[in-house]
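Dear colleague,

Please find the structure below, together with its sequence. I would be grateful if you could read the notes that follow with the model open.

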Amino acid sequence: MQSTLQNEQPVHFVKPVQAPAVVDHAWSLAAVEELFNLPFNDLMFKAQQVHRENFNPNEVQLSTLLSIKTGGCSEDCGYCPQASRYDTGVEATKLLDVETVKAAATEAKKNGATRFCMGAAWREPKDRDIEKVAELIRTVKDLNLEACCTLGMLTAQHAHALKDAGLDYYNHNLDTAPETYGNIITTRVYQDRLDTLDNVRSAGMNVCSGGIVGMGESRAQRAALVHQLANLNPYPDSVPINNLVQVEGTPLHGTESLDLLEFVRTIAVARITMPKARVRLSAGRQEMGEAIQTLCFMAGANSIFYGDKLLTTGNPDWERDQALLGKLGMKTN
Ligand code: SAM
Ligand code: DTB
Ligand code: SF4
């Protein structure tokens with residue numbers, strides 16, 4: 001029997017996103033797959049065209065991450081060193097205090113970051129967590145930095161409270177395509193993620209949402225992830241593409257590494273399908289080398305996590321990144 005890309009899709013674990021009432025573009029899964037399957041040079045050319053139509057290609061936005069509450073998480077995300085059920089050597093901490101966060105944000109600003117992102121290892125924040133994080137947000141905003149948080153699932157009420165505190169962006173990743181989600185996370189479902197993104201958007205905040213590749217998925221499954229992101233209505237303002245950072249003790253440790261040219265392709269397809277989004281070359285840069293990172297910028301990445309640590313794992317230090325951006329003649333914004 002002849003099969004098409006559409007009918008090869010396995011049964012979804014959850015209901016796929018409904019076609020929104022107003023769409024200025026709609027990407028079919030087949031069209032996204034077609035992009036992935038282009039010869040590399042053709043894909044890069046297309047991505048560069050789209051990038052140049054929408055951004056200065058020599059500019060990159062710098063976000064610095066801080067883990068404000070590390071480890072001890074109840075969830076079972078198969079990639080994550082912060083889940084308490086995996087023995088990864090990450091020690092659980094309490095929420096950081098205002099002075100510690102202020103010092104880290106001040107240092108980030110001094111080094112040229114424009115956005116400060118605070119991450120917490122929670123399934124979802126409690127009311128009292130929101131009050132404390134609101135204070136951290138006000139502290140970051142007082143330094144004239146953009147503020148971003150990633151705290152897990154968010155109710156409409158919590159989203160409004162964060163918005164009232166001045167939060168500019170909320171990061172909550174789809175992480176995978178719907179059909180692969182259940183292989184990676186079982187303690188919450190895909191629809192929970194979509195609901196959180198709706199709550200963030202409805203509260204008037206910018207949505208930051210992307211995913212992780214290199215978790216053993218196929219190209220078609222990477223295409224299905226980008227397809228989901230690109231068909232959110234509207235698509236996210238900021239799209240972090242993470243390459244799995246393999247941490248010993250997590251279920252995904254030992255997964256066959258992704259060919260990094262596939263990572264570059266993922267960036268390029270994200271750029272083409274979400275032309276006005278900031279596409280962030282996110283986790284995994286430590287293992288990439290300058291040539292691959294440069295290809296990512298050429299493919300349309302225009303944001304990075306900047307600073308020697310992500311949440312619990314390493315990232316190139318400020319000096320190394322400044323040297324690379326200098327060599328490429330890239331300016332920050
Ligand atoms: N606990 C909150 C949540 O899961 O939404 C916020 C923090 S969580 C660490 C934020 C994101 O980091 C995850 O959704 C995932 O995309 C990314 N992440 C976590 N561990 C990673 C790893 N080992 N490699 C790449 N990305 C990872
Ligand atoms: C995102 O997409 N990647 C960042 C941020 N959003 C929160 C997190 C990467 C975490 C990598 C593993 C770690 O350092 O613990
Ligand atoms: Fe917890 Fe977030 Fe890690 Fe999942 S990704 S285990 S929710 S910290």
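This is a predicted model: local features need pLDDT of at least 70, side-chain atom pairs count only at pLDDT 80 or more; totals for chains, interfaces and linings use all residues.

Residues are numbered from 1 along each chain as its sequence is written, chains are lettered from A and ligands numbered from 1 in the order in which they are written, and side-chain values use heavy atoms, with hydrogens and water left out.

Ligand 3

Around ligand 3 are C73, E75, C77, Y79, C80, A83, A121, W122 and R188, each with a heavy atom within 4 Å of the ligand. This shell comprises seven nonpolar residues, two charged residues and no polar ones. Here Ala, Val, Leu, Ile, Met, Phe, Trp, Tyr, Cys and Pro count as nonpolar, Asp, Glu, Lys and Arg as charged, and the others, Gly among them, as polar.

Helix packing

Helices are DSSP runs of H or I with at least four residues, strands are runs of E with at least two, and both are numbered from the N terminus. Axes are lines fitted to C-alpha atoms, for helices over the stretch in contact, and angles run from 0 to 180 degrees between N-to-C directions.

Helix α9 (residues 260–273) and helix α10 (residues 289–298) have axes that come within 8 Å and cross at roughly 20°. The pair is therefore roughly parallel, a term for angles under 35 degrees, with over 145 counted as roughly antiparallel, 65 to 115 as roughly perpendicular and the rest as oblique.

Helix α10 also packs against helix α11 (residues 318–327), at an angle of about 60° and with the axes 11 Å apart. That angle makes α10 oblique to α11.

For helix α1 (residues 29–36) and helix α8 (residues 219–230), the axes come within 9 Å and cross at roughly 125°. Accordingly, α1 is oblique to α8.

Backbone features

Most residues other than glycine have a negative phi, and most peptide bonds are trans. N144, in the loop between α4 (127–142) and β3 (146–150), has a positive phi, near 65°. The peptide bond joining N233 and P234 is cis, with omega about 0°. P234 belongs to the loop between α8 and β7 (238–243).

With kind regards
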